[in-house]
Amino acid sequence: MKVEIVQLGAAILRKNAKKISNFNAPKLIALIDDLLSTLENSKGVGIAAPQINHSYCVLIIASKPTTRYSNAPVMKPVVMINPSFKTLSDQQQKDWEGCLSIPGIRALVSRHQHILVNYQDRKGHVQQLELNGFIARIFQHEYDHLQGLVYLDRVENNKDIISETEFFKLTKDK
Ligand SMILES: [Zn+2]
């Protein structure tokens, strides 16, 4: 069954997502499966549960080069439940982001370059992972979705927002 991706304007994208407490719930397993398959079909590099209409603290990072992100590094999909993070340096960088919930648009967003993420895996075990650069960016983008934020909220100048058509022209020759 095809899962629909919630689009900007839907109230669920502006809500604080609830923490997961029951790691054996069949609904959680189904949610993770739906997130993984939706991400695979969408050519995205990350997804958060509110984007498929479930207001829970679950996100997936699955970085690999796709037609949407041709320079993305390769990383096996990681399912993160109840994630949190802290910064490991003051270094921030601006780079382009897009969002499956906001089609047709890209914008420059400043993100922390070095972070330490704490999360629980599907079994509820606590895990820790250091993330840098583009992968750290994906995490912060998806983490925002759990707080009711979207990346456009972090754009510093409206001139940093462009159409995806123009974005692909910009990146085509690189
Ligand atoms: Zn997004």
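V155 is located in the loop that connects α2 (133-146) to β8 (161-163), where helices (H or I, at least four residues) and strands (E, at least two) are DSSP runs numbered from the N terminus. The structure is a predicted model: local features need pLDDT of at least 70, side-chain atom pairs count only at pLDDT 80 or more, and totals for chains, interfaces and linings use all residues. Residues are numbered from 1 along each chain as its sequence is written.

V155 counts as partly exposed because 17 C-beta neighbours lie inside 10 Å. Under this scheme a residue is buried if 20 or more other C-beta atoms lie within 10 Å of its own, exposed if 12 or fewer, and partly exposed in between, with C-beta atoms placed from the backbone.

Apart from its neighbours within four places in sequence, V155 is in contact with A107, L108, V109, D160 and I161; a contact requires the C-beta atoms of two residues, placed from the backbone, to lie within 7 Å. S110 is 45 residues from V155 in sequence, yet the C-alpha atoms of these two residues are 7.7 Å apart.

The wider fold gives the context. Of the contacts in the protein with a separation of 6 or more, 64% are between residues 24 or more positions apart. The protein contains 3 helices and 8 strands, arranged from the N terminus as α-β-β-β-β-β-β-β-α-β-α. Its radius of gyration is 15 Å, close to the 16 Å given by the globule rule for 174 residues, so the protein is as compact as a globular protein of that length. This radius is taken over C-alpha atoms, and the rule is 2.2 Å times the number of residues to the power 0.38. Of the 174 residues, 31% count as buried.
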